[in-house]
Amino acid sequence: MPQSQFNGNQITRTPELQLRLTPQYSQGPITAALTFSYIGERYSDVANRFALPAYHTWDLFSEVALNEHLKVQLEIKNLTNTLGLTEGNPRDDLSHQEALFYARPIFGRTITLSMSYEF
């Protein structure tokens with residue numbers, strides 16, 4: 001049985017490097033964390049001809065305990081409003097040559113402010 005011409009190619013939609021770092025700081029009633037995420041270049045096809053560019057995002061989380069029961073949280077996802085694609089169209093054929101294509105984007109910046117009460 002002959003080996004496939006695609007043996008040794010990068011697995012579709014899977015980057016060779018994916019990184020996530022989250023330093024956190026806590027002081028008294030305040031907690032803050034900043035997350036850096038990096039997604040390396042991936043391919044939408046098994047032939048590794050249609051590359052999806054690498055991207056990185058920053059997320060911010062902070063929490064303040066107002067008292068022993070009440071906390072306020074602020075979370076900002078994709079702080080810099082980075083553009084990125086999580087995958088291309090995996091059902092497209094291997095001869096994709098067009099400038100336009102289907103893809104799944106990452107979400108833009110979202111801000112959540114919430115309050116929690118423990119009893």
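Residues are numbered from 1 along each chain as its sequence is written, and side-chain values use heavy atoms, with hydrogens and water left out. Because the model is predicted, local features need pLDDT of at least 70 and side-chain atom pairs count only at pLDDT 80 or more, while totals for chains, interfaces and linings use all residues.

**Overall make-up**

The protein has zero helices and 10 strands. Helices (H or I, at least four residues) and strands (E, at least two) are DSSP runs, numbered from the N terminus. Along the sequence the pattern reads β-β-β-β-β-β-β-β-β-β. Of the 119 residues, 25% are buried; buried means under 20% relative accessible area, exposed over 50%, and partly exposed in between, with a 1.4 Å probe and protein chains only. Among contacts between residues at least 6 apart in sequence, 52% join residues at least 24 apart, where contact means heavy atoms within 4.5 Å.

**Strand pairing**

Two strands pair if DSSP finds at least two bridges between them. Strand β7 (residues 70–77) has both pairings listed here.

| Strand pair | Direction | Bridges |
|---|---|---|
| β6 and β7 | antiparallel | six |
| β7 and β10 | antiparallel | eight |

A hairpin of four residues connects β6 to β7, and Ala 65 has Lys 71 in β7 as its bridge partner. On the pairing with β10 (residues 110–117), Ile 76 stands opposite Ile 111.

**Two leucines**

Leu 34 belongs to strand β3 (residues 30–39). With 33% relative accessibility, Leu 34 counts as partly exposed. Leaving out residues up to four places away in sequence, Leu 34 touches Leu 21, Thr 22, Pro 23, Trp 58, Asp 59 and Leu 60.

Leu 52 sits in strand β5 (residues 51–52) and, at 1% relative accessibility, counts as buried. Beyond its neighbours within four places in sequence, Leu 52 is in contact with Glu 41, Arg 42, Leu 85, Thr 86, Glu 87 and Gly 88.

**Aromatic pairs**

The structure holds two aromatic pairs. Rings of Phe, Tyr and Trp (its six-membered ring) pair if their centres lie within 6.5 Å; planes under 30 degrees apart count as stacked, over 60 as edge-to-face and the rest as tilted. One of the pairs is Phe 36 with Trp 58: the ring centres are 4.9 Å apart and the planes stand at 55°, so this pair is tilted. Phe 36 is in β3 and Trp 58 in β6 (residues 55–65), so the pair ties together parts 22 residues apart in sequence. Trp 58, at 31% relative accessibility, counts as partly exposed.

**The largest pocket**

The largest pocket holds about 280 Å³ of space. On a 1 Å grid over the protein atoms alone, a pocket is an open set of points with protein on both sides within 12 Å along at least five of seven lines, and lining residues have an atom within 4 Å of a point. Of the 16 lining residues, the closest to the pocket centre are Ser 37, Tyr 55, Thr 57, Asp 59 and Ile 106. Strands β1 (18–21), β3 and β6 each supply at least two residues of the lining.

Key
On a 1 Å grid over the protein atoms alone, a cavity is a set of points where a 1.4 Å probe fits but cannot get out, and a pocket is an open set with protein on both sides within 12 Å along at least five of seven lines; lining residues have an atom within 4 Å of a point. Grid points are joined across faces, edges and corners, and a volume is the space filled by probe spheres set on the points.
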